[in-house]
Amino acid sequence: MGRRNGVVRESGELVQIDMLPGFEDEQPAKKPVRYSWRGRHVNVSKEMGAAVWRKDSGYDRNDRDVLGFYIFNSGEKAARLEMTFDQIGQELGMNPRAVSKSVKKLHSGGFLLEAGTMAKVTLYRLNGRFGYDGPAEEQVKAVADMRHPVIPAPEPEPAKSRPSKEVK
């Protein structure tokens, strides 16, 4: 048997190649792979996504549209979406009240998380356990304190009744 970058030893059926000193770690540098399409990419749980899109999930078409809007319009990592329900509604062709209802359902189900306020508007962000825009190592850190989304959708809380106005 011949030599190739080192010494070859035969022992029965096993062959051992000892590299010459100084060549053990020499590897050609690889350039990062770039996708052929443009823009940033989001890692989304296919299992949870498929479950949300099933008809028995408890999430309706509006909820899925709003969730998709958050997936594709949220910033890097776990950044909040700085848009009002009016603005989201205009983009989706939905009534702002319908957007609000869907956001509340997606929040109660853990797909959207509260992320502070802007003026008097509560802002939300995509739960990184469902979808994340960034490296896997950063996702692990980012989701450490995030709750898990649930399917089927939780039942909405009953509306609070207003105290009756008694005339004295």
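## Where α2 meets α3

Asp65, Val66, Phe69 and Tyr70 of helix α2 touch Ile88, Glu91 and Leu92 of helix α3. Sorted by class, this contact between α2 and α3 holds five nonpolar residues, two charged ones and no polar ones. Please keep in mind as you read on that this is a predicted model.

Now for the geometry. Two packed helices are described by the angle between their axes and the distance between those axes. Helix α2 covers residues 61-73 and helix α3 covers residues 85-92; their axes cross at roughly 105 degrees and come within 11 Å. Because angles of 65 to 115 degrees count as roughly perpendicular, α2 is described as roughly perpendicular to α3.

## Where α3 meets α4

The axes of α3 and α4 come within 8 Å, and they cross at roughly 105 degrees.

On the α3 side, the contact is made by Phe85, Asp86, Ile88 and Gly89, and on the α4 side by Pro96, Val99, Ser100 and Val103. The classes here are five nonpolar, two polar and one charged. Ile88 of α3 takes part in this contact, and Ile88 also meets α2.

## The overall layout

Let us step back to the whole chain. It has 168 residues, and 29% of them are buried. The secondary structure comes to six strands and five helices. Read from the N terminus, the order of elements is β-β-β-α-α-α-α-β-β-β-α.

How far along the chain do contacts reach? Taking contacts between residues at least 6 apart in sequence, 55% join residues at least 24 apart.

## The largest pocket

A probe the size of a water molecule, rolled over the atoms, shows where empty space is left. In this model the largest pocket has a volume of about 450 Å³. It is lined by 13 residues, and those closest to its centre are Lys101, Lys104, Lys105, Pro156 and Glu157.

Which helix gives the largest share of this lining? Helix α4, residues 96-108, supplies seven residues, the largest share. By class, the pocket lining divides into seven charged, three polar and three nonpolar residues.

## One cavity, and Asp133 beside it

The model has one cavity of 30 Å³ or more. The largest cavity has a volume of about 70 Å³. Its lining is made up of Val42, Ile71, Ser74, Gly75, Lys77, Ala78, Ala79, Leu126, Gly131, Tyr132 and Asp133. Six of these lining residues are nonpolar, three are polar and two are charged.

Is Asp133 buried or exposed? Its relative accessibility is 8%, so Asp133 counts as buried. Leaving aside residues up to four places away in sequence, Asp133 touches Arg40, His41, Val42, Gly75, Glu76 and Lys77. Among these partners, Val42, Gly75 and Lys77 also line the largest cavity.

## Phe111, a buried loop residue

Phe111 sits in the loop between α4 and β4, the strand of residues 112-118. With a relative accessible area of 0%, Phe111 is buried.

What does Phe111 touch? Apart from residues up to four places away in sequence, its contacts are Met48, Val52, Tyr59, Leu67, Leu106, Arg125, Leu126, Asn127, Phe130, Pro149, Val150 and Ile151. Phe130 is 19 residues from Phe111 along the chain, and the C-alpha atoms of the two are separated by 6.7 Å. Leu126, another partner of Phe111, is also in the lining of the largest cavity.

## Two backbone details

The peptide bond from Ile151 to Pro152 is cis, with omega near 5 degrees. Pro152 lies in the segment after α5, the helix of residues 136-142.

Ala119 is not a glycine, yet its phi is positive, near 60 degrees. With 75% relative accessibility, Ala119 counts as exposed, whereas Phe111 is buried.

Key. Residues are numbered from 1 along each chain as its sequence is written. This is a predicted model: local features need pLDDT of at least 70, side-chain atom pairs count only at pLDDT 80 or more; totals for chains, interfaces and linings use all residues. Side-chain values use heavy atoms; hydrogens and water are left out. Axes are lines fitted to C-alpha atoms, for helices over the stretch in contact, and angles run from 0 to 180 degrees between N-to-C directions. Helices (H or I, at least four residues) and strands (E, at least two) are DSSP runs, numbered from the N terminus. Angles under 35 degrees count as roughly parallel, over 145 as roughly antiparallel, 65 to 115 as roughly perpendicular and the rest as oblique. Contact means heavy atoms within 4.5 Å. Ala, Val, Leu, Ile, Met, Phe, Trp, Tyr, Cys and Pro count as nonpolar, Asp, Glu, Lys and Arg as charged, and the others, Gly among them, as polar. On a 1 Å grid over the protein atoms alone, a cavity is a set of points where a 1.4 Å probe fits but cannot get out, and a pocket is an open set with protein on both sides within 12 Å along at least five of seven lines; lining residues have an atom within 4 Å of a point. Grid points are joined across faces, edges and corners, and a volume is the space filled by probe spheres set on the points. Buried means under 20% relative accessible area, exposed over 50%, partly exposed in between (1.4 Å probe, protein chains only).
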